[in-house]
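Dear colleague,

Please find below the sequence and the structure that I am handing over to you. My notes on what was found follow directly after.

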Amino acid sequence: MKPVFLRGTTLGTPGELALFLAEVERRAYRQTVYAVHDEDAALDIVQDAMLRLAEKYANRPATEWPMLFQRILQNAQRDYFRRQKVRSWWTTLLSAFQPHDDEAEASDPLEWLPHTAESPVEPDAELNQARTLKVIEEGLEKLPARQREAFLLRYWEELDVAETARVMGCSEGSVKTHCSRATHALSAWLKGRGVEL
């Protein structure tokens with residue numbers, strides 16, 4: 001059964017889809033790194049989400065792609081967490097039957113990508129901006145997952161409350177609550193570290 005579109009909507013072209021994906025890729029990657037704390041996994045998740053959008057929704061109007069992509073990306077992140085939970089359970093179970101290795105590798109700390117937006121002319125300003133960004137990223141890491149998700153969707157992806165609620169699968173009131181709590185927590189975090197925005 002073919003999808004039915006409202007009169008006046010135009011279907012996206014392959015060129016428009018390629019441009020859309022190029023524009024959202026970096027933001028989606030950073031958003032996913034915040035969520036999963038693993039750069040390689042984040043890259044896989046984003047690429048998978050981009051492929052799913054291209055395979056299943058390329059024939060939809062271009063105006064629908066941002067919401068569809070965010071929904072696919074959030075689902076891909078949830079799938080990752082489900083797989084990690086199952087893998088962790090099996091690892092814990094199997095490790096009880098194996099000798100412990102004291103030389104097990106610890107995971108590397110997350111190294112955040114630098115902003116590639118226009119760099120400040122003054123080196124001091126650039127250094128301050130990098131420090132502030134690092135503090136903000138550390139604050140985002142400390143937020144509960146749902147607060148971080150709501151905050152990033154509203155203020156990073158610039159979705160409105162209704163769109164964010166659809167992506168997160170919750171009520172608009174929940175989105176507002178999560179965003180309010182995230183904003184207050186981040187504000188306190190930044191103030192506690194001497195960052196005034």
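Five salt bridges are present in this structure, which is a predicted model. Three of them are described here, each with its setting.

R52 and D48 are joined through their side chains by a salt bridge, with an N to O distance of 2.6 Å. Both residues lie in helix α2 (residues 39–57), and because they are four residues apart there, about one helical turn separates them. R52 is partly exposed, at 26% relative accessibility, and D48 is likewise partly exposed, with a relative accessible area of 30%.

A salt bridge also connects E64 with R60, where the closest N and O atoms are 2.8 Å apart. E64 counts as partly exposed at 25% relative accessibility, and R60 as partly exposed at 23%.

In the salt bridge between R146 and E149, the closest N and O atoms are 3.2 Å apart. These two residues are three residues apart in helix α5 (residues 145–156), so they too are separated by about one helical turn. R146 is partly exposed, with a relative accessible area of 29%, whereas E149 is buried, at 13% relative accessibility. R78 belongs to this group as well: salt bridges with shared partners join R78, R146 and E149 into one network.

Apart from neighbours within four places in sequence, H178 contacts R146, Q147, A150 and M168. H178 sits in helix α7, which covers residues 172–192. Is H178 buried or exposed? Its relative accessible area is 18%, and because the cut-off for buried is under 20%, H178 counts as buried.

The packing of α7 deserves a separate note. Helix α6 (residues 161–168) packs with α7 at an angle of about 100 degrees, and the two axes are 8 Å apart. An angle from 65 to 115 degrees counts as roughly perpendicular, and therefore α6 is roughly perpendicular to α7. On the α6 side, the contact is made by V161, A162, T164, A165 and M168. On the α7 side, E172, V175, K176 and H178 take part. Five of the residues in this contact are nonpolar, two are polar and two are charged.

Turning to the aromatic side chains, the structure holds four aromatic pairs. F20 and W65 form one that is tilted, with 6.0 Å from centre to centre and 45 degrees between the planes. This pair links distant parts of the chain, since F20 is in helix α1 (residues 14–36) and W65 is in helix α3 (residues 65–95), 45 residues apart. F20 and W65 are both buried. Y80 and F81 form an edge-to-face pair, with 5.6 Å from centre to centre and 70 degrees between the planes. Y80 is buried, with a relative accessible area of 10%, while F81 is partly exposed, with a relative accessible area of 40%. Finally, F20 and W65 are part of a cluster: ring pairs link them with F69.

With kind regards

Methods:
Residues numbered from 1 in each chain as written. Predicted model: local features only at pLDDT ≥ 70, side-chain atom pairs only at ≥ 80, totals over all residues. Heavy atoms only, no water. Buried < 20%, exposed > 50% of the residue type's maximum accessible area, 1.4 Å probe, protein only. Contact = heavy atoms within 4.5 Å. Salt bridge = Lys/Arg side-chain N within 4 Å of Asp/Glu carboxyl O. Axes fitted to C-alpha atoms, helices over the stretch in contact; angles between N-to-C directions. Parallel < 35°, antiparallel > 145°, perpendicular 65-115°, else oblique. Nonpolar A, V, L, I, M, F, W, Y, C, P; charged D, E, K, R; others polar. Phe/Tyr/Trp six-rings, centres within 6.5 Å; stacked < 30°, edge-to-face > 60°.
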